[in-house]
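Hi,

Here is the structure I said I would pass on.

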Amino acid sequence: MAFDIEMIKKVYDNLDAKVNAARKVVNKPLTLTEKILYAHLWDGQASTAFERGKSYVDFAPDRVAMQDATAQMALLQFMQAGRPQVAVPSTVHCDHLIQAKEGASKDLATANTQNKEVYDFLASVSNKYGIGFWKPGAGIIHQVVLENYAFPGGMMIGTDSHTVNAGGLGMVAIGVGGADACDVMAGLPWELKFPKLIGVKVTGKLSGWTSAKDVILKVAGILTVKGGTGAIVEYFGEGANSLSCTGKGTICNMGAEIGATTSIFGYDVKMADYLRGTGRADVAELADKVAVHLTGDEEVYANPSAYFDQVIEINLSELEPHINGPFTPDLAWPLSKFAAAVKEAGWPAKLEVGLIGSCTNSSYEDISRAASIAQQAVDKNLVAKAEFTITPGSEQVRYTVDRDGYLDIFGKMGGVVLANACGPCIGQWARHGAEKQEKNSIITSFNRNFAKRADGNPNTHSFVASPEIVTAFAIAGDLTFNPVTDTLTNEKGEQVRLDEPQGIELPIKGFAVEDAGYQAPAEDGSKVQVLVSETSDRLQLLAPFAAWEGTDVTGLKLLIKAKGKCTTDHISMAGPWLKFRGHLDNISNNMLIGAINFFNEKADSVKNQLTGEYGAVPATQRAYKAAGIGSIVVGDENYGEGSSREHAAMEPRHLGVRAILVKSFARIHETNLKKQGMLALTFANPADYDKIQEDDTIDIIGLTSFAANSPLTVVLNHKDGSKDEIKVNHTYNDQQIEWFKAGGALNIIRASVK
Ligand code: MIC
Ligand code: SF4
């Protein structure tokens, strides 16, 4: 059950009836997003319109995609659901566990040895349950999905926040935690709060150095890392139609960085071309027949402010290339202002490494445009001043760009081709010298640039831009260089200028590949044995979490009051820890080690209230657990921003943290916490964050009458004997309260298996 044209036909066959039914209940012209959402309701058709940002709705997604680092936990959970096969077409992609060190072939060979046990587990569990398996080296999940599985008008969930990449091919594709994926694979509905809708009207046409990446870099600057929370972003207008399908993918991909539930473009000629170019003319033909339902209604796009909750306009003709960063993807600088910003802030102007590719930016078009810059370095006697790496998104892209000579050009410029995998984007980068923690700058065409993410060095200033800008900067080795206006001195001492990039959207000779890296599952997997060794330090079968004790939870110790940005990278770091993604107890040793303690401004140093001593967060929490004492974590705005990794929710659950109390949550993380039976609470008055003291013992009151839409009370018992009582909100609905009571959603599914 991987690629399934019959499934696509079924979606399209029902589309007309479902969209028309939605039209009746909504009673006004429809956006594309509404058409797809209403067409994927779990019980078929809606009887009333849903309230945006309020109604919880059950959906029936068409597909599930999982990457290796999250699939382990998703599938360990699925194994407990007692189902013989997955209920919807699903795939696993081995991309996150390959470390970049010496280049593609050596690194892949090392990964195959080091991760053998995990790959064997994933291959066998996929084989057993009817899941398509993409081997290490096949490519990064989102690129492989775009090339093979995404289709206009479909709905997909994936255990990775950048699942949203498939919006570039007109799909509502949403990142979720493994427990959500487990539900859908088990044949259960998937629940989401009906999103708000942000419309982005795109006018004009790209030219020169500006690319699709700059659209999202600009939008990220406007909306910030939390501006898209709870919303789907729909792009439309003649400018949108002029962007290549993979360019649309790039824009949707990085929509994860503004917290958007997903982003989407309507079906158009560019998508049809891409479907044909990637061997899916049959899908294009089917989509053509229902094309009116694969885009928003004309009235909506003619008068967007009447239909969207917020409208943004981007004029491609005026858009400048952007560079975002450091340390956060929403700090957006137009190229013309960047050099001054670098100087004023004192960021290291010398560029050490430029890295192109990743799931965000590794299309044929991206590579060809970047190569047109690299070729100029060769032709104009320029020697690249910075190191340069290329990460192809899939074996199909790699093989094709190699055939067409692009990799050769990068080689001549001094570039190193890394494996078709996440690599440096997720800290899988054995960067020489990173351990010295020197202040330095790198620039990537990736999507995230949180502190420590790429190389573990907190002093690496990481910037995000398009592949062509990254290539130009790598040649210059200088962040204050502006390729549009500045010249460079070549080996002969001449002043030379880089011409604008030129690219080709789709390969003229077509895509080619020798071994795409796909392994189909057994027809009948009932006899297949799943391989998990009992002594493994990388894989551990899950034990059920305990149910709620039925009373208020009192006497909780404050574990940490996290200050400022606390992303999933801070809560459950990736890089070296990725190897424990299938072993809950071992990976719990990274819990919150990146979060900054409000009271001493240090990472991984909190007060153990039992001893009064400062220690590492995981060790302190294990001490509370050993003493049978629960704890609470307090955080700031947009807590849990970034990844879909449910480890960030399961680790505190496993170690005995009872509640996370913050100013606001990122969507996926909040759901992950609920799914695992945790209490995810927000301050009714955000200023109450200031009332939390280091030695507080905390009670959560009102759980015996825990109900939707009714706040709970938190009592802060301070060390000096005084108390503060504060109101805290939550977004649990009735079903989610049942998850809490049962000790986690999986306990409910497990109980239903006879
Ligand atoms: C990321 O980009 O942060 C990751 C690594 O792809 C994560 C998934 C993970 O943590 O395994 C994501 O984006 O969800
Ligand atoms: Fe991999 Fe980076 Fe893409 Fe995440 S953002 S899927 S780590 S390439």
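**Aromatic contacts**

One aromatic cluster is made up of Trp-333, Phe-338, Trp-347, Phe-463 and Phe-473. Before you read on, keep in mind that this is a predicted model.

Going through the whole structure turned up 26 aromatic pairs. One of them joins Trp-548 to Phe-740: the ring centres are 5.5 Å apart and the planes make an angle of 40 degrees, which puts the pair in the tilted class. What I like here is where the two partners come from. Trp-548 belongs to the loop between β21 (518–519) and β22 (553–561), while Phe-740 is in helix α24 (residues 734–742), so this pair links distant parts of the chain, 192 residues apart. Trp-548 and Phe-740 are both buried.

Phe-740 has another partner, Phe-706. Their centres are also 5.5 Å apart, but this pair is edge-to-face because the planes stand at 85 degrees, and anything over 60 counts as that. Phe-706 sits in the loop between β28 (697–701) and β29 (712–717) and Phe-740 in helix α24, so the contact ties together parts 34 residues apart in sequence. Again, both Phe-706 and Phe-740 are buried.

**A lysine over two rings**

Which rings does Lys-561 lie over? One is Phe-598, with the charged end of Lys-561 placed 4.1 Å from the ring centre. The other is Tyr-689, where Lys-561 lies over the face at 4.5 Å from the centre of the ring.

Cheers

Methods: Residues are numbered from 1 along each chain as its sequence is written. Chains are lettered from A and ligands numbered from 1 in the order in which they are written. This is a predicted model: local features need pLDDT of at least 70, side-chain atom pairs count only at pLDDT 80 or more; totals for chains, interfaces and linings use all residues. Side-chain values use heavy atoms; hydrogens and water are left out. Rings of Phe, Tyr and Trp (its six-membered ring) pair if their centres lie within 6.5 Å; planes under 30 degrees apart count as stacked, over 60 as edge-to-face and the rest as tilted. Helices (H or I, at least four residues) and strands (E, at least two) are DSSP runs, numbered from the N terminus. Buried means under 20% relative accessible area, exposed over 50%, partly exposed in between (1.4 Å probe, protein chains only). A charge sits over a ring if NZ of Lys or CZ of Arg is within 6 Å of the ring centre and within 35 degrees of the ring normal.
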